[in-house]
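Here are a few notes to read alongside the model. Keep the viewer open and look up each spot as you go.

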Amino acid sequence: MPDNEQNSLLQQLRSRIAASGAAWTAAETSMSVLSDEEFRRRLGAQPPPGKSLSDLQREANAKRAALRAEVREAGAPASYDLRNVGGKNFISPIRDQGNCGSCVAFGVCAALEGTFRVERQAPTNPVDLSEAHLFYCHGRAQGRNCDNGWIPDQALTACKNTGIVDEACYPYTAGDQNCTGRCSDWQQRLYKVTDFQVQTSTAAMKTWISSKGPLTACFIVYDDFRYYRSGIYHRASDLERGGHCVSMVGYDDNAQCWICKNSWGAGWGENGFFRIGYGECAIDSWQVCAVEGVTAPQEGDQEIWQRNRMVTALWCNDQVRNGWIYADTVGWRKLGADTDVTFANMLSQSASAKAARRPVNFLEKSGTIKELYVL
């Protein structure tokens with residue numbers, strides 16, 4: 001596109017942003033200089049079967065007022081940013097998916113890496129998972145490629161059932177591959193998701209981010225988003241370009257926005273990140289996935305006794321037997337129980353230990369507590 005035409009489009013966009021009262025800056029970016037086809041290949045999240053992006057936008061519009069009005073759950077702070085938790089950054093570095101619709105793999109891996117760090121309270125842990133293994137092996141097995149993208153819950157199911165290797169075992173390069181790039185010992189280098197869930201409440205999303213780690217989220221990308229430089233994005237275009245997957249790493253109730261990690265390189269947006277308004281472009285109503293835990297290869301399915309740990313926080317919701325404790329030095333662990341009575345007993349013991357400042361011993365397997373004793 002000639003420079004004068006590009007400048008004219010940019011000025012028109014800035015005028016629309018100003019007229020709408022939105023608070024974000026549009027400028028020429030690494031995405032705005034791409035052709036429409038090249039930009040489309042920087043996306044890749046597919047809508048659910050039987051639905052279009054327009055369907056998702058209509059559903060989001062209907063829910064927007066309710067989502068913005070929804071209050072936080074008790075205990076969740078008014079704002080939270082996993083890049084700065086008391087000076088600690090739990091989010092892995094920005095990546096670049098390049099000329100391939102593999103954004104789902106990047107959004108999922110970012111959430112897994114952040115969850116892994118938060119679980120262990122280890123912000124400097126160098127965990128770096130292979131988007132190539134996730135997309136070119138697991139995605140390819142499901143018929144996914146750079147042109148047709150993927151769906152987060154399917155990617156997370158693969159991470160749970162089979163697992164993915166580290167980046168060094170299968171380094172990412174953009175372009176369809178046939179899963180031949182794995183290292184020879186890849187089966188001994190698998191990280192696995194213990195479980196995941198789809199979030200449907202913005203209040204629950206905020207609680208999860210502020211207590212357990214980042215989320216994976218999909219949203220609709222309109223043409224103006226490619227010009228995003230900084231600020232809180234609210235769309236000023238009606239031209240759909242496709243679906244995209246990112247990782248939510250924070251939120252701010254005062255500014256009414258989510259903070260997200262993108263996969264277009266550190267030179268785009270706010271050093272690779274962006275902020276987007278609550279209820280905007282279906283980002284909090286399309287598909288938001290929460291990772292319950294991540295195990296490292298050396299952990300596998302081993303049963304491990306954790307001894308003399310202090311319970312410093314508890315979390316549960318209205319789902320059946322869904323309760324967690326935060327134990328010092330090891331992070332969040334799920335209370336596993338086969339019956340309501342056993343679950344209630346473990347939760348009660350944990351609460352008593354926290355209140356009395358008494359240590360506990362517990363037996364865990366893949367991030368789930370099987371037995372717990374108050375000392």
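Which residue forms a salt bridge with Glu37? Point 2 has the answer.

1. First, some ground rules. This is a predicted model, where local features need pLDDT of at least 70, side-chain atom pairs count only at pLDDT 80 or more, and totals for chains, interfaces and linings use all residues. Residues are numbered from 1 along each chain as its sequence is written, and side-chain values use heavy atoms, leaving out hydrogens and water.

2. The partner of Glu37 is Arg40, with the closest N and O atoms 2.8 Å apart. (A salt bridge is a side-chain nitrogen of Lys or Arg within 4 Å of a carboxyl oxygen of Asp or Glu.) The two are 3 residues apart in helix H2 (residues 36–40), so about one helical turn separates them. (Helices are DSSP runs of H or I with at least four residues, strands are runs of E with at least two, and both are numbered from the N terminus.) Arg40 is partly exposed at 31% relative accessible area, and Glu37 is partly exposed too, at 44%. (Buried means under 20%, exposed over 50%, partly exposed in between, using a 1.4 Å probe and protein chains only.)

3. Now try Arg95 and Glu113, a salt bridge with its closest N and O atoms 3.7 Å apart. Arg95 sits in the loop between strand S2 (79–81) and helix H4 (103–120), while Glu113 is in H4, so the pair ties together parts 18 residues apart in sequence. Both residues are buried.

4. Glu292 and Lys334 form another salt bridge, at 3.2 Å between the closest N and O atoms. Glu292 belongs to strand S9 (residues 288–295) and Lys334 to strand S13 (residues 331–335), so this pair ties together parts 42 residues apart in sequence. Glu292 and Lys334 are buried as well.

5. How many salt bridges does the structure hold? The count is 22. Also look for the network of salt bridges that links Asp36, Asp223, Arg226 and Arg241.

6. Strand S1 (residues 23–26) has Trp24 and Ala26 on its covered face, with Ala23 and Thr25 on the uncovered one. In a regular strand, side chains alternate between the two faces of the sheet. S1 pairs with strand S5 (residues 228–233) in the antiparallel sense, over 4 bridges; two strands pair if DSSP finds at least two bridges between them. Ala23 is opposite Ile232 of S5.
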